[in-house]
Structures are given as C-alpha cells and as structure tokens.
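Please look over the structure below.

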Amino acid sequence: MQIFFSSPWIPAEWIRAHGLEARALGFAPDLDLAAARPGAGVCAYAEAVVGWLERHAESAAVFASTCDQMRRAFDIATRRAPSRSFLFNVPATWQTPTAGQMFRAELERLGRFLEALGGRAPQAEDLVRRLADSNGKRRRLLAGAPRCRAHAYAAAVARFHWDGSEAVIEPSGPLPAEAVPLALVGGPLPMAHWGLIEALERAGGRVALNATETGERSLLPQFRLDQARTDPVAALVHGYLGHSVDVFQRPNTRLYAWLGQQVAAWRIRGLVLWHFVGCDLWRAEAQSLREAFRLPVLVLEAGEGAGDSPRSLGRLEAFLELLKSAASNPAVAATADKPEAHPATEASEEPR
Amino acid sequence: MSESLGDAPRKLGLDAWDQRYAALRQAGLSEPEYGGPLGRHVFERGDLRLRHLEFDNSAAALRLWNFLLTENERLRQARTRGEKIVGTMKDLGTVPVMAYALPRVRAFYPDGAWWTPCLMECSDGLLQQADLQGIDGSFCPVRALLPAFETEAHFPQPDWLVCSTGAVCDDFTAIAQRLERLGHPICWWEMPRRRSPDPGEPACTLPGGGLAPAVQVQWVRDELERVRAGLSGLVGQPLTDEQLRDGIREANRVRRLLGALREAAHGAPSAPLPALELLVAEMLTLHFCSDRDETVAVLAELLVEVQTRCAQGHAVLAANAVRVYWVNPVADLRVLNRLEEWGGRVCGSDYMFTHALDLIPETLPPLEALARTALADPMVGPTADRAERIVAECRAWGAEALVVARIPGASHCAREGAIIREEVRAKVGLPTIDLEIPPVCDAMLPTLDSRLQALLEAARARRST
C-alpha cells in the first residue's frame, strides 16, 4: 500500500520500515491544484491534498499538524476517509523533553495505524539500515546542490521524497553569469508550481537556494547511527526533531539561523517568499525576513497555475530589474560572485 | 436598582444612559472606584464605538461595562503598586488561573487588543501601525496587539510574556512570533492537537465531557510545569500546589456565577439580558478583567439582576425573538445589537473559549486539572468536537438558527465554519449563515442586515411549519 505524507517532517523512513511505500504528496503527479477550488481563505494545497485522498481509495495519507490549514484539511479528510487519514502531531517546540516524548509517541501511534493498514512491525536492524541509507542520500543530495540548476535539483529532491531513491545529479548547463542569485523561501512548492523556477530564470534570476518546504530544507534531518544501533526510534526522533527547520516552530529561530548561513554562503541578493492563500505562518514572516537579512523580499501568492501567471511574471520581472539595477552599484555588485561551497557539504560524516 | 426607579428592562444608547446615570446617582447608586457615566469613555479614552451601541439599562450592566472599559487603567495602577503583570497569550483561560494564584500578580490577555480598533473605531491607528510592522489587513484584527506593545498607549508592558503554541490558531502564533522578533521575549508552551483516545488507550475526561488520551494530558501538565516555573521565577517564590488549588477554587467561583447567568439568560422564555452584556460577562472568565475579586462582584450583581427579571417575567427583548446560537466572537460589537434589532436574541454561544466556562476539576492535582482544562479548548481539537458541543447546546437552549461569525483573516475560520454549519444543519436542521465581520462594520451593515434578516425569516418560517 502507498502511504502519502504531506510534510517532510513526517518520517518516511518509519513508513518504509513498516514495509509500505512512502510517497511525498507534494510530488504526486496528479495532485490537482487547479481542480482544488478552495473556498475563501482556504489553502489550495491543503484542499488539493483532501481532493487527492478522495480520488485514491487505495492509498492513505498522513497529514502534519504543522499549520491550521492542514489540521482543518484533516478534519475534512477524516470525515470522508476516516480509516485512511492520520494526523501526525509535530510539536512546534523542540527544546523540551516533552517535545521529544510527543514526537516519539506519535511515531508509535503512526506505527499502529500503518500496521492496521497491512504494514509489518519494523525490525530494528532494518530501520538502522534505512536511517544510514537516508543519511547518505540526504548528504549527497545537499552536497550536489551547487552543481545543479534549480529545476533539475528540485526533481532530484522530489525523487528522494517520492520513493526514497537517489537521482544522479548531473552538472547542469550554466545560467548567464549575470543571473541574480535568489532564495526561494516558503511552504510547499509542488511539481505543478515548478514553472516558477523557470519564470525566475527567464526574468534574469536563478534559484540559488530552494528553501521551500519541498527544497533543500526538507533534506536536513540526519540520524545518529551510534544512537540508532541501541535505540533506532530515538535516533529517528532526534533526527527529525533535532534537525527540522521550519516556520511553524516556536520560536522559529532555527529557520533564521539556517537561512542566515545559506544566504551568506550563496551570496543571495533577494528573497522570493512563496506561499499559498491563507498561509499566515509564512506571510507573517515577510517583514522579519527583510529585517533579518536586509534583502529585498518579493511576496508571491500561489495561484492555481504554475506560478507563472502574467501578474506573477510582471512582479518577478520588476523585482529582478530592481535587483539588477542595485547590482550596477559596485558596492552591491561585489557581493554577486559565484557562491561558495554549500554549507551542508561541510557537515561531518557523523552528524551531531 | 433599576426596578426601584420604576424602569422596565430595555436597551439604551449612550446619551440616554448618561441621563439615566444621573438619575441613578441621585437615587443613591453607589459604585466602585472605576465607576462613572459610560459617556466618559468616549471623551477620555476615545472609545467612539460606544456611541453606536445600545446597552442594557441596569446598574449591574453599567458596572460591567465600566469594569471592562477601565481595565488598562487598573493594570497601570497595579503596576504603580509594584504588582507583577503577566501577559498571557492564546490559551484563553488557563494560565491566568495560575498567575492569579500568586499574590501581587495580575495576568491579562494582550489578545484583547483585537477589540481596540472596534472600540475606538480605528481612530487609534493600531491597524495602520500593524501594517507598517509587517502584519497587514489580511491578518486577524488581533494584529492590533503589535503596535499596542510598541506604543504602550493601551496596556502596560508585561513583566513576562507566555504564549501557547502548537495546535493553536496560526494567525495568532504568527503574530506572536512577529512580536517576539520585535524584541518581546516569549515563553512558548506546547499545546498538542487534541485527538480522541485510541481503543484501549488510557484516557481522561475533560471539563465539558470530552475525552483526551492520558498521555496528552501528561504532556500539557509538563508544559504547565514550565509555566509554573516561569511564574515562580517572576515573583521569586514558588507557586505551590496549595496556591494553585486556591486559585482553581476562585476561578470556579467565577465560572459558577457565569454558568448560572448563562443558564438563567439562555433558558428564559424571553431574553432578560442583551447579547452584548452576555458576551462581556463571558469574557470576564478569561483573565478576570485583571481583578478576580471584582469579577465575582460584577457577575454576582448581574446574576441577581437577571434572576430578578426572570422572576418578575421581565425581558429586554420581545418575547417572540428568534433564538440564535452564535459561534465565534464578533470583531465589531455592534453586530450583536443589530441581530436584536431585527428580532433575534442570542440563546447560546461558543466564542472560542468554552473551556474557560467549564468548571476546573477540584479533586485532581491542580496542574492535572488545569492541563485537562487547557486541552478542552475547542480550537485545539477536531472541529467535529466543537460542532458536537454546539449541536448539543443548540438542542439544550432551543436554538432556532445559527450564526457563524467569521473573523477576518483568521486561518481557522475558512474551514471550521463550513463544518460546524454542516453538522448543525444535519443534526438539528437549523438555518445557518456565515458572516464575516470586520472591526468596524458600518460600511457592510446593509449586507449584514439583509443576511441576518434572511436568517431570522427562515427561522420564523420554520415555526409555522
């Protein structure tokens, strides 16, 4: 059975250790955002997830409790498909023993849900092997980011979250040297919206950092294998809770710390904040992002299309024109060199 | 007092109330320190909205409004006396019970600033300032709290800020996060998303009758231990179980009074008290309007007024008013007046904090009791749970229609209103509407009026069938 999960903070390794296929919902080819037709104030992504689950009676979905929209979407889903819907309570805090207990208890509860769907109880050795495998793939994917253009990289990340496999990252053709390095920041960027990446490139930018929920940020969990050998579930908890970086966390200082490293490493010159309608969590960060990084921030709201609507394109072009004109100032242009090595590639072989 | 002056219960505008105030004073009305004519709040504080509201004409209602509208001044006086002030956010009803268990501590909800733009008819500029702070009009009006912290023109700066997070409203937690980035440190405590216990899983009964897994209660209890440590650190002395037990008993005193008031008002064949006063009375349970003892006195007087009216068969609204169940607080208080103007009355309500109305268990260890109370929050669990309670109360109070008030920009409203309306239609068969109400709704009044009228007409039509 295929188990679809709505957030990268739901451990796919755990689902696979139950002998089930784990698939990231954001990369489902038939996640139909255009058909979602959400009501006023409803997130199209959350709506599309509910619609997708209705159309796939053979599959189950694991929702994350990380935002109001997804919690309420689960409320709808559980009315229509109660036996195939699961809400994973991802704590917003991470600093306390309680947060760790919650995460672990949710893993155990998810395990019972998976077993009820036909999954098998996970074997410790198998889980350790999966964690080691995941560690390697995540690291190599992160290390491959500098060699790869954004669309191809998004595809590689998608493939990892889709079936756990690792795409070979081929060096992509370079963009014009004058392309402005941008960070794409925000919630999920499903495949249907990858047109945004090309739109940014056509407008004269390049996505040097995909910090959306489905980009590099989603690869950050790392597992302590020494811990995994004695308590693989604890390693799983620590791997996710200790390394996830997202806007819903309170305080969300980890997001800013991580973004700060990336912005510096990639010499980012502008942020594109991408969010769905009704996503208060991301929208509320626009001003804080401007203040924290002293960079221009373009807020783009996801529509039903591919992120390349005429209005979005017009705004993107204007944004990049502004950034380019700023670059003509030598003081600013001096910072627009080739990015340094990706910080993630400097991670030690054995994570913290 | 109103009966002694021979006045039947009715609603009065502000000018009429001030005339009545003079008459009441002449007749010997004695008031607490914060008393005075209602009209002064317009001139002294800029609460312009009061000019467009209608109020119950009882002395008890006068005291209620004066108590509400003087909270910021009373907080400042407490600060001057050297008392500690805790800003507690989002949990609506739990942390204040802990804070008031300590001597010389007052807790209030900065969240309450969401009514300031309404009361001041946006003349305060809070919403415009919030725009400049990066939280624009697409967010819930609670964004008004951001500039309120900066200007200190409303409430005093709290000595300590604490906010629940996790499965709470995104709009609020997002704004609170912005507040922290603006330099106001917050102690965050985790509220898990409440779920039904799995088969065979140890469970706890919550105030209000729901169930939650025992493990979730334990987590919240652990989180409240952190809050307790924070409060203890603030005052430099431990917050003991004994103090908490006393605090719970006092909170329950307030909740019992409110329960009796709701019972009397909602159960009466004709409304003995208008909806606005009932809403304000409910709000007092959240943080006791910064004075727990006075809250008891205010509610007790209001209850006596209502019981007297009921015993005498007096009402403030027409006997045939349509009984309406109201969901969510109104960003503009005027809308509740309008409902009554068109022939409705509120006969039941879920203003998003029903857990602050239920009695806190007194026989459990105090933090366990408070954890159960916090978990009973209708906003942290499935909307179906909230709808179930609403359905039960619609039945109990004989509701004939239901209004879901949408809070502009509140991320939870987009979905939950539809689910609640669907449940109420399916299980009780009531006509329902969904109204989005901005902080000052004057420009939308024609639309709001016609929608309310349509609802009430539909409810009346059902009577004849």
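## Terms and model

Two strands pair if DSSP finds at least two bridges between them. The model is predicted.

## Strand β3 of chain A

Phe4(A) stands opposite Ala61(A), a residue of β3(A). The strand that joins β3(A) here is β1 of chain A, residues 2-5. The two run parallel, and three bridges link them.

β3(A) also pairs with strand β4 of chain A, residues 85-88. This pairing is parallel too, over four bridges. Val62(A) has Phe86(A) in β4(A) as its bridge partner.

Cover comes on both faces. On one side sit Ala60(A), Val62(A) and Ala64(A). On the other are Ala61(A) and Phe63(A).

## Chain B as a whole

Chain B holds 18 helices and twelve strands. Its radius of gyration is 21 Å, close to the 23 Å that the globule rule gives for 465 residues, so chain B is as compact as a globular protein of that length. Along the principal axes, its C-alpha atoms fill a box of roughly 55 × 55 × 45 Å.

Of the 465 residues in chain B, 65% are buried. Take the contacts in chain B with a separation of 6 or more: 74% of them are between residues 24 or more positions apart.

## Surface and charge of chain B

Chain B exposes about 15100 Å². Carbon and sulfur atoms supply 51% of that area.

The chain carries 51 positive and 63 negative charges. How far apart are the mean positions of the positive and negative charges? They are 2 Å apart.

## Thr295 of chain B

Thr295(B) belongs to helix α13 of chain B, which spans residues 292-312. Is Thr295(B) buried or exposed? Its relative accessibility is 0%, so Thr295(B) counts as buried. The cut-off for that class is under 20%.

Which residues is Thr295(B) in contact with, leaving aside neighbours within four places in sequence? They are Phe67(B), Val254(B), Leu284(B), Phe288(B) and Cys289(B).

How values were computed: Residues numbered from 1 in each chain as written. Chains lettered and ligands numbered in written order. Predicted model: local features only at pLDDT ≥ 70, side-chain atom pairs only at ≥ 80, totals over all residues. Heavy atoms only, no water. Rg over C-alpha atoms; globule rule 2.2 N^0.38 Å. Buried < 20%, exposed > 50% of the residue type's maximum accessible area, 1.4 Å probe, protein only. Contact = heavy atoms within 4.5 Å. Areas by Shrake-Rupley, 256 points an atom, 1.4 Å probe, with all protein chains shown as cover. Lys, Arg positive; Asp, Glu negative; His and termini not counted. Charge placed at Lys NZ, Arg CZ, Asp CG, Glu CD.
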